[in-house]
Amino acid sequence: MHDLTGFQRDILYVIADFEEPHGLALKDELEDYYEQEINHGRLYPNLDNLVDKGLVEKGELDKRTNVYTLTQRGEREIAARRDWESQYVDFSE
């Protein structure tokens, strides 16, 4: 996870919240968070990079639509990141 950009980490967190999100659903969620348009030239290369790193699996919903899910490694990386973050930020106290 340390070698990902913040945007790539955000993509992982959004994918984790959906059953099998497609690219446009991810784009909509990220645009809400960033409060700006996320163009295809930014989103899809980053998704492909996450697939190449083995963190995300890309499947086909239909001939035109891909779906994205976290791999087990992706889930472990998110859990490890959250554990690391909790060492420094704990709002429960």
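# Chat about a predicted model

User: Let's start with Ile15. Leaving aside neighbours within four places in sequence, what is Ile15 in contact with?
Analyst: Ile15 is in contact with Pro21, Leu26, Leu47, Val56, Tyr68, Thr69 and Leu70, once its neighbours within four places in sequence are left aside. Keep in mind that this is a predicted model.

User: Which residues touch the most other members of the largest nonpolar core?
Analyst: Ile15 is one of them.

User: OK, new topic. How many aromatic pairs are there?
Analyst: A search of the whole structure finds three. One of them joins Phe7 and Tyr34. That pair is tilted, with 55° between the planes. The ring centres are 5.7 Å apart.

User: Where do Phe7 and Tyr34 sit in the chain?
Analyst: Phe7 is in helix α1, residues 6–17. Tyr34 is in helix α2, residues 23–34. They are 27 residues apart, so the pair links distant parts of the chain.

User: Is Phe7 buried or exposed?
Analyst: Phe7 is buried, because its relative accessibility is 6%, and the cut-off for buried is under 20%. Tyr34 has 25% relative accessibility, so Tyr34 counts as partly exposed.

User: Which residues form the aromatic cluster?
Analyst: Phe7, Tyr33 and Tyr34 form one cluster.

User: What sits over the ring of Phe7?
Analyst: The charged end of Arg42 does, 3.8 Å from the ring centre. Arg42 also lies over the face of Tyr34. There the distance to the ring centre is 5.5 Å.

User: Let's switch to Ile38. Where does Ile38 lie?
Analyst: In the loop between α2 and α3.

User: Why does Ile38 count as buried?
Analyst: Because its relative accessibility is 0%.

User: What is Ile38 in contact with, neighbours within four places left aside?
Analyst: Phe7, Lys27, Leu30, Glu31 and Leu43. Take Lys27 as an example. Ile38 and Lys27 are eleven residues apart in sequence. In space they are 6.4 Å apart, C-alpha to C-alpha.

User: What about Asn46? Which helix is that in?
Analyst: Asn46 lies in α3. Asn46 is buried, with a relative accessible area of 16%. With neighbours within four places in sequence left aside, Asn46 is in contact with Thr5, Phe7, Gln8 and Ile11.

User: Last stop, α4. How many residues does α4 have, and how far does the helix reach?
Analyst: Helix α4 has 15 residues, 72–86. From its first C-alpha to its last, α4 reaches 21 Å. That is close to the 21 Å expected at 1.5 Å a residue.

User: Which residues of α4 are buried?
Analyst: Gly74, Ile78 and Arg81. They cover an arc of only 65° around the axis, so they are on the same side of α4.

User: What do the buried residues of α4 pack against?
Analyst: They pack against α1 and β2.

User: And which exposed residues are on the face turned away from the buried side?
Analyst: That face of α4 carries Gln72, Arg76 and Asp83.

Conventions: Residues are numbered from 1 along each chain as its sequence is written. This is a predicted model: local features need pLDDT of at least 70, side-chain atom pairs count only at pLDDT 80 or more; totals for chains, interfaces and linings use all residues. Side-chain values use heavy atoms; hydrogens and water are left out. Rings of Phe, Tyr and Trp (its six-membered ring) pair if their centres lie within 6.5 Å; planes under 30 degrees apart count as stacked, over 60 as edge-to-face and the rest as tilted. Helices (H or I, at least four residues) and strands (E, at least two) are DSSP runs, numbered from the N terminus. Buried means under 20% relative accessible area, exposed over 50%, partly exposed in between (1.4 Å probe, protein chains only). A charge sits over a ring if NZ of Lys or CZ of Arg is within 6 Å of the ring centre and within 35 degrees of the ring normal. A nonpolar core is a set of buried Ala, Val, Leu, Ile, Met, Phe, Trp, Tyr and Cys residues joined through side-chain atoms within 4.5 Å. Contact means heavy atoms within 4.5 Å. The expected span of a helix is 1.5 Å times one less than its number of residues. The arc is that of the directions from the helix axis to the C-beta atoms.
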